[in-house]
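Trainee: Could you walk me through this one? I would like to look at it piece by piece.
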Amino acid sequence: MAQQGTSGAGEVALARVRREIRPAFWLLAVFSIAINLLLLVPSIYMMQVYDRVLRSAVIETLVYITLIAAAAIAVYAALEAIRLRALARIGEWIEDTLFEPVFAAAMGAERGLVRQSGANEGTPFNDLRAVRSFLSGPTLPALCDTPWMPLFLVCCAVIHPYLGLLGLVFAVLIVALALLNDRLTRPAADKVAVGHQEAQRVLAEAARNVDTVAAMGLGRPLAERASRANAASTAVLGDATDKGAVMVGAGKFLRVVAQICTLALGAALSLEGHITPGGMIASSILLSRALAPLDQAIAAWRGLQQTRASWRRITTLLGASGAMVEDPIALPAPEGRIALEGVVLLAAGSDKPILAGVSLAVAPGESLALIGPSGSGKSTLCRVMVGSRAPTRGVARLDGGDVMLWRDDQRRRHVGYLAQGTELFSGRVRDVIARFDKPDDARVVEAAKLVGCHEMVLGLPQGYDTELSNAGGFLSGGQRQRIALARAVYGDVRVVVMDEPNASLDGEGERALVGALAALKRKGVTVVLVTHKPALAQLCDRIGVMAAGQLTRLGPPTDILRELVAPVASADVRTMPGAAR
Ligand SMILES: Nc1ncnc2c1ncn2[C@@H]1O[C@H](COP(=O)(O)OP(=O)(O)OP(=O)(O)O)[C@@H](O)[C@H]1O
């Protein structure tokens, strides 16, 4: 592929996030220092109250240090609030910045632009939301505070080395517990996600094909399949939850025991005269501060794991989008010259060629029909022509430029495509026909008239303003196809590629299609259409015959039809409307 190896749009967005997030995280680290230093205030205050105020009995001193402590704690609270808000904003910014690149990369994975298969497994938007929630929640601040644990332990050790040592022992125990928790629950968390996704996939497939499911009674077996996948993940989840609960309980137990032991040791040291009573209370507070983030970290461990998995999936998806050029140059409007040069397309993850070296040139304003048996590669060739699928080798050109490098906004203006088994998008009919650009009413009506669906649209409840909810699901197959045809020929198109445009059309629709072909010809638009109907194929300037991924014949309709499908064609030509050209 010509553009392989360039810096992809996804990679650029990811690099931007990583670059711009760095100073913010440094700032948060500074906040963390200040917050954790301020967390020493209660301990220092306690020592002052016990060891200075109670001994001297000077009430002014008490007032004075209480005011200082209150001011310091107010600063601490403000910094905490700012940190939480800043993290929430960072999460929001990451989601906003990566939303469109993630969408584009997920599409790119479908188009074969993303280098590795399966890069968009799962639900990328859920992953983005998980990252955002992680940043906005309490987990990350707890983790930011964890590295400051040694500060509190050192302070304990300053009060008395034994207290520091005791704190260290409990910290090691709690960390060991966290690691054990990770080992016990991480594999389970991965399995749960896979099982849940499988169940979701079965449900989504069943919902998309609800008529087939209902008519042939497929509900039960599909429900059983989903249930099996879900039950497997539920069992694993139950097991992981049990283990996680034990670990959380053990963590809490350790912390309370640590507090009691510190007080006991502090009391003993105080009785022996090694430390003051203030030191005893302060060390107890310090130790609970030291262990608090660790304790929270255990509870938050699963969230952290899941967020890491989400972030890995996002970075894999975006990082693999190497062939998606971020901002291709805007070229002049194309004349409509199509050229395929040695196009090879291998099926994902296999050596089987779907297209086995197709070369072809279509002149501006020319019309070409592609015919051939099912599975011969006609639809795939169309996808390559319009830049929906990236060839494994070779290149598809539009007016000399690699079609993959044509900007989206230019394709939207100049390329029309009608896919096989048309699905529309939800939205008003006028917006759907206008490809979600600002609809030009005259052009919308012109396109509809061109393919003969103007009257049909006027007959819809709100005419051109009718909302096609559920991607036009309430329309008949023929109605959907005609609206899709209008969308394909809308505006200033220079190339129109149609994959079986008459598949769902009635006689009147077929006549309109024939009229549309003639109108496109007059406008000098290049047309490529796939059809099984020789009557339609013979209306084109040339016919190409596909077989086993190759273009085996190419020539004027009379020659090709006579050579290949003359008996069938003559039968069809007699019966097809518009055939008597
Ligand atoms: N994404 C894919 N992964 C693997 N194989 C694929 C993929 N897309 C298409 N194929 C295979 O490539 C071959 C050509 O498919 P294509 O849809 O292009 O054929 P076609 O000539 O348009 O057939 P029809 O006339 O039935 O529409 C088929 O064997 C199909 O199974």
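Mentor: Helices (H or I, at least four residues) and strands (E, at least two) are DSSP runs, numbered from the N terminus. This is a predicted model, in which local features need pLDDT of at least 70, side-chain atom pairs count only at pLDDT 80 or more, and totals for chains, interfaces and linings use all residues. Residues are numbered from 1 along each chain as its sequence is written.

Trainee: In β5, which residue is the bridge partner of L398?
Mentor: Strands β4 and β5 pair in the antiparallel sense over two bridges. They form a hairpin with two residues between them, and D399 in the turn has a positive phi of about 50°. Across this pairing, the bridge partner of L398 is G401.

Trainee: What is the order of the strands in the open sheet of four?
Mentor: Strand β1 (residues 338-346) pairs with β2 over seven antiparallel bridges, and V343 has V358 in β2 as its bridge partner. β1 also pairs with β4 (residues 393-398), antiparallel over five bridges, where A339 stands opposite R397. The edge strands, each pairing on one side only, are β2 (353-362) and β5 (401-402). The order is therefore β2-β1-β4-β5.

Trainee: Which helix gives the most to the shell around the ligand?
Mentor: A residue is near a molecule if its C-beta atom, placed from the backbone, lies within 6 Å of it. The residues surrounding the ligand include A347, I354, G372, K378, S379, T380 and Q420. With three residues, the top contributor is helix α12 (residues 378-385).

Trainee: By class, how many residues of that shell are nonpolar, polar and charged?
Mentor: Here Ala, Val, Leu, Ile, Met, Phe, Trp, Tyr, Cys and Pro count as nonpolar, Asp, Glu, Lys and Arg as charged, and the others, Gly among them, as polar. On that basis, the shell around the ligand has three nonpolar, eight polar and one charged.

Trainee: Is A188 buried or exposed?
Mentor: A188 sits in helix α7 (residues 161-208). A residue is buried if 20 or more other C-beta atoms lie within 10 Å of its own, exposed if 12 or fewer, and partly exposed in between. Because A188 has 20 other C-beta atoms within 10 Å, A188 is buried.

Trainee: Beyond its neighbours within four places in sequence, which residues is A188 in contact with?
Mentor: Two residues are in contact if their C-beta atoms, placed from the backbone, lie within 7 Å. The C-alpha atoms of A188 and L237, 49 residues apart along the chain, are separated by 6.7 Å. The contacts of A188 are V236, D239 and A240.

Trainee: How far apart are the end C-alpha atoms of helix α18?
Mentor: The expected span of a helix is 1.5 Å times one less than its number of residues. For the 16 residues of α18 (residues 507-522), this should give 22 Å, and the model agrees, with its end C-alpha atoms apart by 23 Å.

Trainee: Which elements do the buried residues of α18 pack against?
Mentor: Among the buried residues of α18 are G509, L513, L517 and L520. They pack against β3 (367-371), α15 (441-450), α17 (477-489), β9 (495-499) and β10 (526-530).

Trainee: What is the average pLDDT of the protein?
Mentor: pLDDT is the predictor's confidence in each residue, from 0 to 100. It stays under 50 over residues 1-6 and over residues 567-581. In the protein, 89% of the residues score at least 70, and the average is 82.
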